[in-house]
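Thanks for coming, everyone. I have one structure to walk through today. Please look at it on the screen while I talk.

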Amino acid sequence: MRRLVASGKQVRMVNRSGRGQVPAGVEVTSADVTDPAAARQAFEGAAVVFHCAVGPYGRWPQTLPPIMEGIIQGAAGVGAKLVYGDNLYAYGPVAGPLTEDLPYRPAGPNATVRARLATTLMEAHPKGSVRAAIGRASDFYGPHVHLSTVGDGVFARAVAGKPAQALGNPDTLHTYTFIDDFAAALVTLATRAEALGQVWHVPSAETLTTRQFIEMAFQQTGHPPRVQVAPRMVISVLALFNPTMRGVSESLYQSEKPWVVDHSRYAKAFGASPTPHPEAVAESLKWFREDQGP
């Protein structure tokens with residue numbers, strides 16, 4: 001929304017409540033997009049639909065397929081292009097950099113449903129049902145980002161002078177994506193005809209270890225960097241009772257070994273100038289300070 005508004009586009013946000021904190025001129029409407037008729041009504045007049053909707057982490061297999069089906073039908077019904085903001089779960093554990101040509105080898109229910117959603121959308125495109133593209137990002141961070149692995153667990157705690165919380169091995173390489181770069185890439189995919197019918201890894205700044213990333217955030221706050229790592233055994237036990245922790249346990253492989261995302265295909269097609277981490281971290285900390293207040 002911020003990216004589109006800044007470029008002068010007319011924007012309509014769609015959620016269940018029909019409420020939201022948005023700039024003047026941005027419309028907010030309520031719709032249950034699992035209902036194709038409601039989705040079509042909400043999308044009326046749109047040139048592009050950006051699908052960034054998600055459900056509770058522990059219930060993705062139940063909630064996400066109806067959302068995707070409704071959005072595909074709604075976008076098709078009004079003749080809008082559909083750009084889907086996706087993650088990298090569909091690939092499963094990999095050895096080496098993540099590229100768009102990797103096969104889908106999902107590990108667990110959350111990853112399996114993500115692979116299913118992407119397949120559903122990419123199969124709809126050549127059938128002529130809807131014109132679509134997928135942009136994939138790694139764990140993202142930035143203003144308004146609370147629930148990412150480096151959201152509240154890193155930035156909110158760094159601002160408060162508390163130890164950062166991390167998963168897996170903080171000394172292994174891990175790509176992190178600035179949310180504004182993700183947005184910019186999705187908007188580009190919506191405007192370029194050659195992007196349609198394909199999956200793209202969005203640009204991210206240089207890949208660091210998680211510890212290096214956390215230390216960068218703490219250095220900018222003036223607090224000494226401290227990291228608490230959740231033991232795998234504790235996560236596994238909690239996963240027996242808690243659906244959210246079950247999802248966390250399923251994807252631990254992403255933080256235990258190198259998770260390096262290759263966006264060279266996107267860069268070759270459209271160019272790439274991701275925000276340097278120090279600048280993006282500074283913007284993130286500024287927002288978290290303002291969000292927490294005095």
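Start with helix α5, residues 152–160, and helix α7, residues 210–221: they pack at an angle of about 30 degrees, with axes 9 Å apart. The axes are lines fitted to C-alpha atoms, for helices over the stretch in contact, and angles run from 0 to 180 degrees between N-to-C directions. Helices here are DSSP runs of H or I, at least four residues, and strands are runs of E, at least two, numbered from the N terminus.

Before going on, note that this is a predicted model: local features need pLDDT of at least 70, side-chain atom pairs count only at pLDDT 80 or more, and totals for chains, interfaces and linings use all residues. Residues are numbered from 1 along each chain as its sequence is written, and side-chain values use heavy atoms, with hydrogens and water left out.

Back to the helices. α5 and α7 are therefore roughly parallel; the cut-offs are under 35 degrees for roughly parallel, over 145 for roughly antiparallel, 65 to 115 for roughly perpendicular, and oblique for the rest.

Who meets whom? From α5 come Val154, Phe155, Ala158 and Val159, and they meet Phe213, Ile214, Ala217, Phe218 and Thr221 in α7. Contact means heavy atoms within 4.5 Å.

Now the aromatics. How many aromatic pairs does a search of the whole structure find? It finds 15. Rings of Phe, Tyr and Trp (its six-membered ring) pair if their centres lie within 6.5 Å; planes under 30 degrees apart are stacked, over 60 edge-to-face, the rest tilted. Take Tyr57 and Trp60: ring centres 4.9 Å apart, planes at 85 degrees, so edge-to-face. Ring pairs also link a cluster of Tyr141, Phe155, Tyr176, Phe178, Phe213, Trp287 and Phe288.

Tyr57 is partly exposed, at 21% relative accessibility. Trp60 is buried, at 5%. Buried means under 20% relative accessible area, exposed over 50%, partly exposed in between (1.4 Å probe, protein chains only).

Next, Asn110, in helix α4, residues 109–124. Asn110 is buried, at 4%. Leaving aside neighbours within four places in sequence, Asn110 contacts Tyr57, Trp60, Pro61, Tyr89, Gly247 and Glu250.

Last, Thr177. Thr177 sits in strand β9, residues 176–178. Buried or exposed, at 0% relative accessibility? Thr177 counts as buried. Not counting residues up to four places away in sequence, Thr177 touches several residues, among them Ala137, Asp139, Tyr141, Phe182 and Pro203.
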